[in-house]
Amino acid sequence: TPTHITVDRTNVVAPLNRRIFGSFVEHLGRCVYDGIYEPGHPTANADGFRLDVVELVKELGSTTIRYPGGNFVSSYRWEDGVGPRESRPVRRDLAWHSLETNQVGLDEFARWCELTGSELMMAVNLGTRGIEAALDLLEYATGEPGTALADQRVANGRTEPYDISMWCLGNEMDGPWQIGHMSAEDYGKIAARTASAMKTADKNLELVVCGSSGSSMPTFGEWERVVLEASYDHVDYISCHAYYQERGGDLASYLASSVEMTYFIDTVVATADHVKHKLRSQKTMQLSFDEWNIWYLDEHQASEEVNDEWRIAPRQLEDVYSVADAVVLGNLLITLLQNHDRVTSASLAQLVNVIAPIMTEPGGDSWRQTTFFPFSVTSRLARGVVLRPRIDTGRYDTALHGSVALVDAVVTADAETGASAVFLVNRSQTESIEVVVDLSDVGAGRIVEAVSLHDADPYAKNTLADQNRVGLTPLAGAELADGILTVTLPPVSWSAVSCA
Ligand code: AHR
């Protein structure tokens, strides 16, 4: 029997906030150096930024970009990265055991964000530093000319304050690997004090307090409760970080990774709302899912890529993604949209070379990984409001998540233009599934675009040698009549259909 999806235009999750399509650039491996920045490259501009990469970032459609870390930020001195480049110090980065040349810092990265049309989201160091350094950075970045640090920025070539409203209060402070790792009690106090001070400087800031670095952390849930009880009044978002990978050849469970992401979101929402009511607060906490992706972490931990040598921009975390990875990533993005009433900001971690949708070679090509496609198409086609469809579909058994749905989907619709879009995955490894989507309530009249990402080999990948092995294909046989869309989803596939 076909899967039936019914769309009710009043079943609104939330108006689409484009911050859900954010990304993340960390000073890690070859993300910055030999990634976005390579002065000797034939496409490099005067700042040393690769314009071929800029074009791919625009095509990817990422919006808000978190910077400069990640684990890196927890021992970073932002002052090292501003002023004349020739006098910037080389430092040891303890997080990734590499050398940081500081040739790219805040001013360069802000210019790169302007080139790509993205919003800059900054993180402050609460590992080795604290309130004073955070306030100094805030003044340097956003202060009107006329004070010492703002004038330093002017002297460095930028008169206008940067328009940076989102700030992360440290990174993954729950993780024992974090430089300056703290207990929830200690972090809650320092986060609240830093947030309060930053908002005294600018009450319009949107501040993100660190939640858990994964739902498998032993402190998951309790960390959120303790940190939010200490900081609730001063912050606007709590962060979530989650990475997924296929383990032990269990593709069935892996394809249902969204089940785990849903559990993660539900748990953080429940905890945040518990604290809200306990504190009798009027404010509802938002979730910033500011690290999410596929990451073959087990393999990287077993490798020698982070070793005792102090190297500049070593090859680290350079996962090469398959079709199955792209299907999971597309499904995770569907999950974020399904929870968009609470998850109002998200960052795919990361952007270039390091667990990234975009890869580069020094002096050479740049290309799209499989995971590039579901992200870029969703960012391009999603418009208006996010709708929660009713999905009647079959189920299959998994070792990790029990019985799960074969088909998952989300819908967006723009009442002003009449445009709508459906994003779907088929998690079956063997069956094509016919899906009937009733779009009559959103006034769908004709199909504008119908694309799919799938392959006879779910492990097919794009590589330096074969950069276009995997790409989007037309979703064969998609039809729309009287508001009823009919599609056939291939096994292990992600698809999108936009209608007018
Ligand atoms: O994105 C890679 C790393 O994952 C980040 O630096 C850290 O925050 C997380 O553990």
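This is a predicted model: local features need pLDDT of at least 70, side-chain atom pairs count only at pLDDT 80 or more; totals for chains, interfaces and linings use all residues.

**Helix packing, then the rest**

I started with H6 (residues 222-231) and H8 (residues 257-278), whose axes come within 9 Å and cross at roughly 35°.

Next I looked up who touches whom. From H6, the residues in the contact are Glu-224, Arg-225, Leu-228 and Glu-229, and they meet Val-268, Thr-271, Ala-272, His-274 and Val-275 of H8. By class, I get 4 nonpolar, 2 polar and 3 charged residues in this H6 and H8 contact.

Then I went to the other partner of H6. The axes of H5 and H6 come within 8 Å, with a crossing angle of roughly 35°. Again I noted a right-handed crossing for H5 and H6. On the H5 side I listed Ala-184, Glu-185, Tyr-187, Gly-188, Lys-189, Ala-191, Ala-192 and Ala-195. Facing them in H6 are Glu-222, Trp-223, Val-226, Val-227, Glu-229, Ala-230 and Ser-231. The H5 and H6 contact splits into 9 nonpolar, 2 polar and 4 charged residues. Glu-229 turns up in my list for H8 and in my list for H5.

**The barrel**

In which order do the 8 strands close into a barrel? I traced E3-E4-E7-E8-E9-E10-E11-E13, with parallel pairing. Neighbouring strands of this sheet are turned by 30° against each other on average, ignoring direction.

H5 came up again here: it spans residues 184-201 and packs on the sheet, touching strand E8 (166-169) and strand E9 (206-209). The direction of H5 makes about 155° with that of E8.

I also zoomed in on one strand pair. E3 (residues 22-24) and E4 (residues 64-67) run parallel and pair over 2 bridges. Ser-23 stands opposite Ile-65 in E4.

**Ligand site**

Which residues are around the ligand? I wrote down Glu-26, Gly-69, Gly-70, Asn-71, Asn-171, Glu-172, Ser-213, Glu-291, Ala-349 and Gln-350. This shell comes out as 1 nonpolar, 6 polar and 3 charged.

Over residues 290-493 I read 16% helix and 37% strand. The end C-alpha atoms of that stretch are 25 Å apart.

Notes:
Residues are numbered from 1 along each chain as its sequence is written. Helices (H or I, at least four residues) and strands (E, at least two) are DSSP runs, numbered from the N terminus. A residue is near a molecule or strand if its C-beta atom, placed from the backbone, lies within 6 Å of it. Ala, Val, Leu, Ile, Met, Phe, Trp, Tyr, Cys and Pro count as nonpolar, Asp, Glu, Lys and Arg as charged, and the others, Gly among them, as polar. Two strands pair if DSSP finds at least two bridges between them. Axes are lines fitted to C-alpha atoms, for helices over the stretch in contact, and angles run from 0 to 180 degrees between N-to-C directions. Two residues are in contact if their C-beta atoms, placed from the backbone, lie within 7 Å. A crossing is left-handed if the near helix is turned anticlockwise from the far one by less than a right angle, and right-handed if clockwise.
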